[in-house]
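My entries follow the order in which I checked them.

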Amino acid sequence: MDKTRPDNNKAATGIPGLDDILMGGLSRGRLFLLEGQPGTGKTTMAIRFLMEGAARGERGLYVTLSETEGELRDGARSHGWELDEHILVHEVVPSESLLDPDEQQSLLYSSELELSETTQQILRTVESSGATRVVLDSLSEIRLLAQSSLRYRRQLLALKHYFARLGATVLVLDDLTSESEDKTVHSIVHAVVQLQEMAPDYGAERRRLRVLKYRGTTFRGGYHDFSIRTGDLRVYPRLVALEHRISFQRATRTSGIKALDALLGGGVEQGSSTLLIGPTGTGKSTFALQFIKAASERGEKSALFIFDEERDLLWQRMRGMGIDLGAMENAGLLHVEQVDAAEMSPGEFAHRVRLAMQKGMGNVVIDSLNGYQAAMPQEKALILHIHELLQYLNRQGANTFLTVAQHGLVGDMKTPVDVTYLADTVILLRYFEALGSVRRAVSVIKKRTGHHEDTIREFHFSPEGLEVGAPVSQFQGVLKGVPNFVGATSAGLMKTGRPPESDL
């Protein structure tokens with residue numbers, strides 16, 4: 001099914017991403033349930049549903065049993081929205097006689113009278129309004145008035161058949177504040193959308209939704225992140241890499257440094273991922289940006305997502321290495337985003353990457369996975385997200401470069417999350433001590449797409465940029481950090497001159 005083509009049999013919600021999950025929207029003339037704890041965003045979604053209908057010339061009605069009309073309109077204004085003449089708001093309030101103690105009946109339960117009165121108010125209002133989109137907020141009030149599961153079910157069935165005769169598309173809200181384990185309504189409605197809010201130990205709250213059922217319609221299963229910001233509500237459909245394959249011509253992309261390209265067996269192949277791993281300060285970001293520099297010289301566009309380092313500091317640092325990121329950005333060859341892991345969900349990050357790819361980016365740098373991991377509640381989820389993201393980028397023909405910092409400086413290194421098996425190429429960076437100074441070494445330990453050197457090369461940084469030397473052949477144990485000299489002379493080590501001024 002072409003999800004971009006309007007479906008006249010479905011009412012679009014107007015919420016970016018949600019219609020994609022629902023394969024077009026809500027089936028017209030049916031009853032739908034939107035459930036979630038207070039604060040998850042039910043009212044905001046319902047208002048957007050009615051506003052989308054108003055934009056299409058459809059009359060909408062919001063029936064509220066819990067909020068006043070003033071509260072509802074003020075909530076809409078907080079997002080910069082105005083409920084125009086196409087959207088009616090009706091408060092269902094109990095009869096004045098039911099509020100007067102002297103008028104209360106003793107032979108009948110007052111709840112029976114209230115339920116009947118409430119139902120009649122709803123039916124009269126819907127019929128007189130002529131609305132084709134209706135929101136009923138909320139079922140918790142009706143459940144409390146019904147008191148028993150049997151009466152509650154019978155009341156919902158009656159409402160369902162009534163709305164069906166009118167041909168209205170109805171969205172009922174349930175805040176799950178009473179008898180949340182009662183699934184009666186699930187068996188009656190046409191579809192169920194569940195909203196959840198999670199509060200991490202640190203950072204902003206995370207919201208996600210899940211479609212539990214949708215009769216006669218396929219939908220995107222699983223959890224999907226969504227966000228609510230002032231004037232904006234957006235759902236981020238779970239990334240499925242298999243849906244985004246394109247045809248492209250594979251070619252080898254070089255770094256612009258002959259010794260590094262030789263170590264890589266000529267370079268990296270288009271549509272592959274490269275993981276740069278090593279302790280902090282070894283130069284993982286610089287290696288990745290060296291590939292971006294070479295790409296910009298070929299006229300290719302690149303996207304850089306920074307999790308850890310401040311943008312201005314990175315710009316200044318790279319200029320001292322002969323890599324002018326600002327010039328690339330001004331030329332339209334570099335798209336840069338500073339990512340705050342505490343404020344952005346993994347689903348939103350994947351959405352940002354997809355938007356960048358739609359702008360024609362041929363290279364993507366994620367710096368680093370340590371920061372990306374901070375956005376994930378569990379390591380298992382992190383692996384799954386990265387797997388789909390890398391598969392998506394590979395199938396889009398992008399060259400992806402990821403950095404991950406290991407714990408420790410020399411000797412036994414600890415990796416916070418092992419993603420080496422996901423990457424097509426793994427470049428390992430290390431510190432080692434030789435002849436009374438701390439040096440750096442680089443090696444390629446994996447390359448799926450072809451041959452690579454099995455040597456270890458020393459490298460260092462200078463104002464001219466990254467310099468990679470010849471293979472270090474007269475030392476043993478370089479990767480452990482404390483090598484043994486096994487040669488006849490000290491040949492094979494680079495003459496670095498003065499030490500670098502910054503920790504790159």
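**Basis.** I am working from a predicted model, in which local features need pLDDT of at least 70, side-chain atom pairs count only at pLDDT 80 or more, and totals for chains, interfaces and linings use all residues. Residues are numbered from 1 along each chain as its sequence is written, and side-chain values use heavy atoms, with hydrogens and water left out.

**Whole chain.** I counted 15 helices and 24 strands; helices (H or I, at least four residues) and strands (E, at least two) are DSSP runs numbered from the N terminus. Of the 504 residues, 53% count as buried, meaning under 20% relative accessible area, with exposed over 50% and partly exposed in between (1.4 Å probe, protein chains only). I also looked at contacts, that is, heavy atoms within 4.5 Å. Among those with a separation of 6 or more, 70% come from residues 24 or more positions apart.

**Sheet with E3.** I traced an open sheet of nine strands, ordered E5-E4-E6-E7-E3-E8-E9-E10-E11, with mixed pairing; strands pair if DSSP finds at least two bridges between them. Strand E5 (87–91) and strand E11 (232–236) are the edges, each pairing on one side only. From one strand to the next, the twist averages 20 degrees. Strand E3 (residues 31–35) and strand E7 (residues 169–174) run parallel and are joined by five bridges. Within E7, Asp174 stands opposite Glu35. I found helix H2 (residues 42–55) lying across several strands, including E3, E6 and E11, and running at about 165 degrees to E6. For such angles, axes are lines fitted to C-alpha atoms, for helices over the stretch in contact, and values run from 0 to 180 degrees between N-to-C directions.

**Sheet with E18.** I then followed another open sheet of nine strands with mixed pairing, in the order E16-E15-E17-E18-E14-E19-E20-E21-E22. Its edge strands are E16 (334–338) and E22 (465–471). Neighbouring strands here are turned by 20 degrees against each other on average, direction ignored. Strand E17 (residues 363–367) is parallel to strand E18 (residues 399–406), with five bridges between them. I noted Leu402 in E18 as the bridge partner of Ile366. Helix H11 (residues 311–319) packs on this sheet, touching E15 (302–306) and E16, and its direction makes about 125 degrees with that of E15.

**Helices H6 and H7.** How do the axes of H6 and H7 cross? The axes of H6 (residues 139–146) and H7 (residues 149–166) come within 8 Å and cross at roughly 130 degrees. H6 is therefore oblique to H7; under 35 degrees counts as roughly parallel, over 145 as roughly antiparallel, 65 to 115 as roughly perpendicular and the rest as oblique. On the H6 side I listed Leu139, Ile142, Arg143, Leu145 and Ala146, which meet Arg151, Tyr152, Gln155, Leu156 and Leu159 in H7. Six of the eight residues of H6 are buried, among them Ser140. After H6 comes Gln147, whose phi is positive, near 70 degrees.

Not counting residues up to four places away in sequence, His190 touches Ser27, Arg30, Leu31, Phe32, Lys213, Tyr214 and Arg215.
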